[in-house]
Amino acid sequence: MSESGAAQANIGVVGLAVMGSNLARNLASREGNTVAVYNRTWERTDTLITEHPEAGFVPSKTIGEFAASLAKPRTAIIMVQAGRGTDAVIDQLVEAFEPGDIIVDGGNALFTDTIRREKAVRETGINFVGAGISGGEEGALNGPSIMPGGSKEAWQTLGPILKSIAAIAEGEPCVTHVGTDGAGHFVKMVHNGIEYADMQLIAEAYDLIRRGTGKSPAEIADVFAEWNKGELESYLIEITAEVLRQVDAETGKPLVDVILDQAGAKGTGAWTVQTALDLGVPVSGIAEAVFARSLSSKPAQRAAAAELPGPDTEFTVEDTEAFIEDVRQALYASKIIAYSQGFDEIVAGAEQYGWDIKKGDIASIWRGGCIIRAQFLNRITEAYAAEPGLVALVTAPYFRDAVTTAQAAWRRVVIAAAEAGIPSPAFSSSLAYYDGLRADRLPASVIQGQRDFFGAHTYKRVDKEGTFHTLWSGDRTEIESAGSSH
Ligand code: 6PG
């Protein structure tokens, strides 16, 4: 705490693990910010202020001191592991803060927790903001994409501070007021769902090229580096090339060949799918990415299934370059579907929870700083700017043309993967979604017939209004049902 004890910081950070420390350093590096810092254990705080004297941090040993070191309206960003720890810190800050102050949760909280917390804290007169912060440790330090929810009142104070630390894309800070209460954490959750799909698609592209062409990870890194110069330019393609180039010091083998092939997940992808199921939004590409991680982490089942028969021919492609180009196009088309599905979930969430979320703004703040940042997000921003009421991203002219160009290759890749016995759940489910979305007739008519047969759940007809039921166990005449088709 400063000698004077005067309230001199305009922003504070609670929780000084790597993300919190980096965010605090980012804040301190920006003109006009004086940053108060507090951590449950003093050692972390002491390390930070010792290692970064240039930051001019205002350290405190207690939450009380921390609150006293903040100028009003006191504004603090909580950067602790999402969960019960967050509630404990919120309670401490509510105790120490006054009406008009602002508490920001910068962790990956579940948006329904944020809705609950925002309501409870608001009753004390204090503002609560759930803010998704994307970009990992590097982003926290040098410029993340930030997705704050909460009240407009809080945004008045918080907005300029977050704009001072956010990544910049096309001259714009990658932060916007997403919407009220849990909107920010909801959009961050969907960001993570799209991230899972993006990562799975890139992994499937690698697997197909590796197994179809025999190229080494380093050679595939060169392919990805080439792709990164075009429409697939993105952070995830860029870092995947780096991962594939990495050689394991101990064995001299490509690192990717010594990494255990079981993917972890902290839960945000699963939340995206669970929420989409509740909202009735088909996010098949995202779901298959989440399930692919689950499947990879079932060693006992995989060992038991290892002897199950697959294709009896070795998978080799005739024309390597043509196949690689097919995979590139299939990746782009599948990526379009994953983002389209993600934005559909944002629209459904906004309707369900009463948020006024501007899809174009979300696309624009995802152009930089976040894990899914990509040149492609400029195209999404443009699509929503041209048509804010776009009902499906994939139908926007640019994206319609892109999938039109890519669809033959996309189909060839899905066929090749199936014939070669190479799992491509994200590629295949994205193509199935695309074909389902554009089909003029779906076999849902058969399902309605089945449901009416065993459950008298009724059905509608294409040729007249009303709700109908067939007397399947009787003379099978059709009657009009008073109720609605359910
Ligand atoms: C980000 C990332 C980050 C993510 C972790 C763990 O936007 O910076 O999405 O928030 O939660 O990287 O992700 P997993 O769910 O894959 O463990």
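Q: How many salt bridges does a search of the whole structure find?
A: This is a predicted model, and the search covers the whole structure. A pair counts when a side-chain nitrogen of Lys or Arg is within 4 Å of a carboxyl oxygen of Asp or Glu. The number found is 25.

Q: Which residue forms a salt bridge with Arg116?
A: The closest N and O atoms of this pair are 3.7 Å apart, and the cut-off is 4 Å. The pair links distant parts of the chain, 29 residues apart, with Arg116 in helix H5 and its partner in helix H4. That partner is Asp87.

Q: Is Arg116 buried, partly exposed or exposed?
A: Buried means under 20% relative accessible area and exposed means over 50%. Arg116 has 43% relative accessibility, so it counts as partly exposed.

Q: In which helix do Arg211 and Asp207 both lie?
A: These two residues form a salt bridge, and their closest N and O atoms are 3.4 Å apart. They are four residues apart, about one turn of the helix. The helix, residues 183-213, is H8.

Q: How many residues apart in sequence are the parts that Arg245 and Asp222 tie together?
A: Arg245 and Asp222 form a salt bridge with the closest N and O atoms 2.8 Å apart. Arg245 lies in helix H10 and Asp222 in helix H9, so the pair ties together parts whose separation in sequence is 23 residues.

Q: Which residues point the other way from Ile102 and Val104 in strand S5?
A: In a regular strand, side chains alternate between the two faces of the sheet. Strand S5 covers residues 102-105, and all four are buried. Ile102 and Val104 point one way, and pointing the other way are Ile103 and Asp105.

Q: What radius of gyration does the protein chain have, and why does it agree with a compact globule?
A: The C-alpha trace spans about 85 × 70 × 45 Å along its principal axes. With 486 residues, a compact globule would have a radius of gyration near 23 Å, and the chain's value agrees with this: 26 Å.

How values were computed:
Residues numbered from 1 in each chain as written. Predicted model: local features only at pLDDT ≥ 70, side-chain atom pairs only at ≥ 80, totals over all residues. Heavy atoms only, no water. Buried < 20%, exposed > 50% of the residue type's maximum accessible area, 1.4 Å probe, protein only. Helix = DSSP H or I, 4+ residues; strand = E, 2+ residues; numbered from the N terminus. Rg over C-alpha atoms; globule rule 2.2 N^0.38 Å.
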